[in-house]
Structures are given as structure tokens and as C-alpha cells.
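Please study the sequence and the structure before turning to the solutions.

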Amino acid sequence: MNITELIVELLQQGQKVELPKIGTFDSEVKNPHHDHATGIYYPSTRNIVFNPTTSGDNGLVKIIAERECVSEDVAQQMWRNYVDALTDKLQRSGEHRLGDLGSITKVGDGYAFDMADGVMLDAGNGNETPLVDVVTYDHSDSEDPFAQFEDEPEVQVVTTPDPVPEPAPVPEPEPEPEPDPEPEPEPEPEPEPEPEPEPEEKNEP
């Protein structure tokens, strides 16, 4: 197995790693802060810190044994071989890189760790990233933290109604044609006078 990659993985997770005769790696959480000059909000992050002292912790040996499915005696030998090779490399070249995290360097009779620029480790906050254009409100003069928001006037949006279209002109109805006059009735003819009766003749005896 690549023990250097295992060390990098553990450090990225925030675990402590102790290298015998070299030093101890640990994490330091940096609190979130807001840069008022740039308006950038930086979430909490972790930095890797190096301490040249050791305590004899063998926790990494147990991890190697679990990962490689070997006994702790075999894992202890693997770990010892790695540390011996690492110490020899630092004596010869003066540097050993821990992936993208940075480098272990030989400084005089001791060792140091230089964290790479731009490395931001998750501090258990969901991999947050810096936020730009963040505005903060100062409510130190008020006991009510929401007073800053209550004083702001409400903005009323005035909308202009759409013009109502004028109704189309209604055409005037055409006048109905006048009816033809009814024909006057013809006069009835006057009745002819009845003839006068003739006088009766008298018979003489």
C-alpha cells in the first residue's frame, strides 16, 4: 500500500498522524470571518499544524493492519520500513511531499512542514466555499437585532394599468321602408229608384 497517500487521507479527514522521530501532524480549525474590505465571507477551515515532538502513539499501525488485512506485527514492520525510508530521503534530499497538502522538510537537526498555498481543508461544514459581496449589519446601538431591517421603508411597486381599448362604434340601423298605402275602397253605386206603381183602373157598373 502507499502509506504516504494514507497519511494524506487521514490529514484531510482531520485526524492526527504521528511519525516516529520526525513529528506529529494535527489540525487547527480557523473560525469563519468576514473581510469587510473585500466583502468576502470565509467559512471555517482547517490548517495542518506540525509539532516536532512525538508521544509514541501507534494508532496508524492499527489502520494499516485493517486496510491490508494483516496482523499488527506485520503492519508494525511495514510502518517501521516506511519511516526508515522517509528519514533516509529527508537526510538526502531534504524534502518529501505529502500529496497536494505540502512538504516535510529537513531543517537543521529537526523537521518542519510547509503547507501548500491555496489549500483549504473542510472543517466539517459541508465543504463551504467563500461568499462574495456579503453585507453585514451593525446593530450594536440597538438592543433589537432586527431593528436594522424594520427601519427600512417598504418599497411599493406602482404598476401602470394597461389602457382599456375603446369599443368599436355600433353602426346605426337602417330605417325600415315605409309600407305602401292601402288602396281606398271604391264607392258603392247608388241604388236605382223603384218604379212608381201604375194607378188601378176603375170598372164602371
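The model is a predicted one.

**Exercise 1. The chain as a whole**

State how many helices and strands the chain has, and in what order the elements run.

Solution. 
Step 1. The chain contains 4 helices and 9 strands.
Step 2. Read from the N terminus, the order is α-β-β-β-β-β-α-α-β-β-β-β-α.
Step 3. The chain has 205 residues, of which 23% count as buried.
Step 4. Of the contacts between residues at least 6 apart in sequence, 50% join residues at least 24 apart.

**Exercise 2. The packing of H1 and H2**

Determine how helices H1 and H2 are oriented to each other, and which residues make their contact.

Solution. 
Step 1. Helix H1 covers residues 3–12 and helix H2 covers residues 59–68.
Step 2. The two helices pack at an angle of about 115°, and their axes lie 12 Å apart.
Step 3. Angles of 65 to 115 degrees count as roughly perpendicular, and H1 and H2 are therefore roughly perpendicular to each other.
Step 4. The crossing of H1 and H2 is right-handed.
Step 5. H1 contributes Ile3, Leu6, Ile7, Glu9 and Leu10 to the contact, while H2 contributes Leu60, Ile63, Ile64 and Arg67.
Step 6. Sorted by class, the residues of this contact between H1 and H2 are 7 nonpolar, no polar and 2 charged.

**Exercise 3. The buried residues of H2**

Identify which residues of H2 are buried, and what covers them.

Solution. 
Step 1. A residue is buried if its relative accessible area is under 20%.
Step 2. In H2, the buried residues are Leu60, Val61, Ile63, Ile64 and Ala65.
Step 3. Their cover includes H1, strand E1 (17–19) and helix H3 (72–93).
Step 4. Just after H2, Cys69 has a positive phi of about 55°.

**Exercise 4. The packing of H1 and H3**

Determine how H1 is oriented to H3, and which classes of residue form their contact.

Solution. 
Step 1. H1 and H3 pack at an angle of about 95°, with 11 Å between their axes.
Step 2. This angle makes H1 roughly perpendicular to H3.
Step 3. From H1, Ile3, Thr4 and Ile7 meet Met78, Trp79 and Tyr82 of H3.
Step 4. The contact of H1 with H3 comprises 5 nonpolar residues, 1 polar residue and no charged residues.

Note on methods: Residues are numbered from 1 along each chain as its sequence is written. This is a predicted model: local features need pLDDT of at least 70, side-chain atom pairs count only at pLDDT 80 or more; totals for chains, interfaces and linings use all residues. Side-chain values use heavy atoms; hydrogens and water are left out. Axes are lines fitted to C-alpha atoms, for helices over the stretch in contact, and angles run from 0 to 180 degrees between N-to-C directions. Angles under 35 degrees count as roughly parallel, over 145 as roughly antiparallel, 65 to 115 as roughly perpendicular and the rest as oblique. A crossing is left-handed if the near helix is turned anticlockwise from the far one by less than a right angle, and right-handed if clockwise. Contact means heavy atoms within 4.5 Å. Ala, Val, Leu, Ile, Met, Phe, Trp, Tyr, Cys and Pro count as nonpolar, Asp, Glu, Lys and Arg as charged, and the others, Gly among them, as polar. Buried means under 20% relative accessible area, exposed over 50%, partly exposed in between (1.4 Å probe, protein chains only).
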